[in-house]
Amino acid sequence: MHLVTGATGQVGRRIVRLIRDREEPVRAFVRLSARYGELDQRGAEIFVGELEDTRDIQRACRGVRVILSTHGSTGNPQRLDYRANIELIDAAKDNGVEHFVFISVLGADRGYEDAPIFKAKREVEKYLAASGLNYTILRPSGLASELIASAERCRDSGIYVLVGDPGNRTSIVSTDDLADIAVASMTAEGAKNRTFSVGGPDVLKREDIPSVYGRILDREPVVINVPLPVVDFVRAGVGFFDTDLQCNLGTFRTLLANEFYCTPEEIELLESTFGLKLESLEGFLRRYLGF
Ligand SMILES: NC(=O)c1ccc[n+]([C@@H]2O[C@H](COP(=O)([O-])OP(=O)(O)OC[C@H]3O[C@@H](n4cnc5c(N)ncnc54)[C@H](OP(=O)(O)O)[C@@H]3O)[C@@H](O)[C@H]2O)c1
């Protein structure tokens with residue numbers, strides 16, 4: 001039995017589909033409020049729970065052979081990105097789990113002090129590596145599926161809002177490739193007890209993204225560049241009434257202010273280890289947007 005946390009998320013949902021395509025059993029950790037009907041129909045075992053609840057984590061891990069931790073937080077990084085993963089690792093040890101796949105983030109090891117999610121991911125990486133479990137850590141850059149809604153907005157409005165430095169480089173990864181890699185890492189020779197940077201095949205400047213949209217939509221969007229100090233101003237204001245939001249804006253700012261891309265060597269390593277040809281952002285968006 002495989003356990004997937006974050007099973008209704010962009011990556012988790014794809015992972016559940018892939019495991020079911022192989023006709024292997026998978027337990028999908030979901031919340032009652034989420035849309036999990038599709039996973040149920042595909043034959044996943046639905047486990048309704050709350051990752052902030054230790055007992056739910058312990059119950060979900062019973063009888064499990066592989067854990068794929070893909071959940072993310074929009075709320076409290078301490079409880080979800082950190083604590084829930086530590087508890088999953090502890091439960092994995094108690095249950096004799098054979099392999100633990102953890103979705104981290106590119107740059108987790110760079111020591112960004114203002115980005116609690118990055119710090120949580122790094123602490124979990126260290127805990128997992130020292131746990132004695134077999135593991136694979138995947139550090140993705142931005143996910144291509146995050147851009148579907150933005151491309152649709154751009155199609156409707158003709159406007160692309162670019163926040164931060166247009167020259168910063170990124171290698172956005174196809175969300176389908178990331179899911180493929182996560183599933184393959186359970187068995188791939190060379191993936192055991194390793195950490196991989198996971199990006200798309202192209203290093204793009206952030207200002208290249210509206211041009212990608214322009215090619216797909218056949219209309220170059222008007223780009224509005226919002227400078228980073230505007231984010232700082234909003235963040236400082238938000239801090240007066242919502243410290244959780246201020247904290248999450250710290251992670252958001254870190255993402256905007258820095259570069260997140262893979263080297264050609266890292267891309268080559270991914271393609272050779274997992275036996276796939278990584279898809280470009282443009283290819284991914286054309287597939288999903290159908291134009
Ligand atoms: N998105 C990116 O660009 C990006 C980049 C680098 C790394 N990552 C990492 O990649 C992983 C997958 O990201 P994603 O974008 O696929 O995530 P996502 O779409 O935001 O999904 C998050 C998942 O976590 C679940 N979840 C959140 N809080 C929960 C709770 N308290 N109890 C149970 N489940 C909870 C959500 O359930 P609901 O459906 O009920 O909300 C959802 O299934 C995450 O670890 C993320 O940090 C993402």
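**Ground rules**

I am working with a predicted model, where local features need pLDDT of at least 70, side-chain atom pairs count only at pLDDT 80 or more, and totals for chains, interfaces and linings use all residues. I number residues from 1 along each chain as its sequence is written.

**Entry 1: the whole protein**

I began with the elements and found 12 helices and 11 strands in the protein. Helices (H or I, at least four residues) and strands (E, at least two) are DSSP runs, numbered from the N terminus. The radius of gyration is 19 Å, close to the 19 Å that the globule rule gives for 291 residues, so the protein is as compact as a globular protein of that length. For that check, the radius is taken over C-alpha atoms, and the rule is 2.2 Å times the number of residues to the power 0.38.

I also looked up the extent: the C-alpha trace spans about 55 × 45 × 40 Å along the principal axes. Of the 291 residues, 44% count as buried. Buried stands for 20 or more other C-beta atoms within 10 Å of the residue's own, exposed for 12 or fewer, and partly exposed for anything in between, with C-beta atoms placed from the backbone.

Then I turned to contacts, where two residues qualify if their C-beta atoms, placed from the backbone, lie within 7 Å. Among contacts between residues at least 6 apart in sequence, 76% join residues at least 24 apart.

**Entry 2: two helix pairs**

A reminder to myself: two packed helices are described by the angle between their axes and the distance between the axes. Axes are lines fitted to C-alpha atoms, for helices over the stretch in contact, and angles run from 0 to 180 degrees between N-to-C directions.

How do helix 9 and helix 10 cross? The axes of helix 9 (residues 228–238) and helix 10 (residues 243–257) come within 9 Å and cross at roughly 170 degrees. The two are therefore roughly antiparallel. Helix 9 brings Leu228, Val231, Arg235 and Val238 to this contact, while helix 10 brings Leu245, Gln246, Leu249, Arg253, Leu256 and Ala257. By class I noted seven nonpolar, one polar and two charged residues there. Ala, Val, Leu, Ile, Met, Phe, Trp, Tyr, Cys and Pro count as nonpolar, Asp, Glu, Lys and Arg as charged, and the others, Gly among them, as polar.

Helix 10 also packs with helix 5 (residues 116–129), at about 85 degrees and with the axes 7 Å apart. This pair is therefore roughly perpendicular. My scale for these words is under 35 degrees for roughly parallel, over 145 for roughly antiparallel, 65 to 115 for roughly perpendicular, and oblique for the rest. Here Pro116, Ile117 and Phe118 of helix 5 meet Cys247, Gly250, Thr251 and Thr254 of helix 10. That contact divides into four nonpolar, three polar and no charged residues.

**Entry 3: around the ligand**

Which residues come nearest to the ligand? Of the 24 around it, they are Gly6, Gly9, Gln10, Ala34 and Gly72; a residue is near if its C-beta atom, placed from the backbone, lies within 6 Å. Helix 1 (residues 10–21) gives the largest share of this shell, three residues. The shell has nine nonpolar, 11 polar and four charged residues.

**Entry 4: two positive phi angles**

Most residues other than glycine have a negative phi, and I found two that go the other way. Asn193 has a positive phi of about 55 degrees and sits in the loop between helix 7 (175–184) and strand 9 (194–198). Asn193 counts as exposed, with 12 C-beta neighbours inside 10 Å. Asp218 has a positive phi of about 65 degrees and lies in the loop between helix 8 (208–217) and strand 11 (222–226). With 8 other C-beta atoms within 10 Å, Asp218 is exposed too.

Beyond four places in sequence, His99 touches Val66, Asn134, Tyr135 and Met186.

Asp114, in the loop between strand 5 and helix 5, is partly exposed, with 14 other C-beta atoms within 10 Å. Neighbours within four places aside, Asp114 is in contact with Gly250, Arg253 and Thr254.

Glu271 is in helix 11 (residues 264–274) and is partly exposed. The C-alpha atoms of Glu271 and Ile181 are 9.4 Å apart, though 90 residues separate them along the chain.
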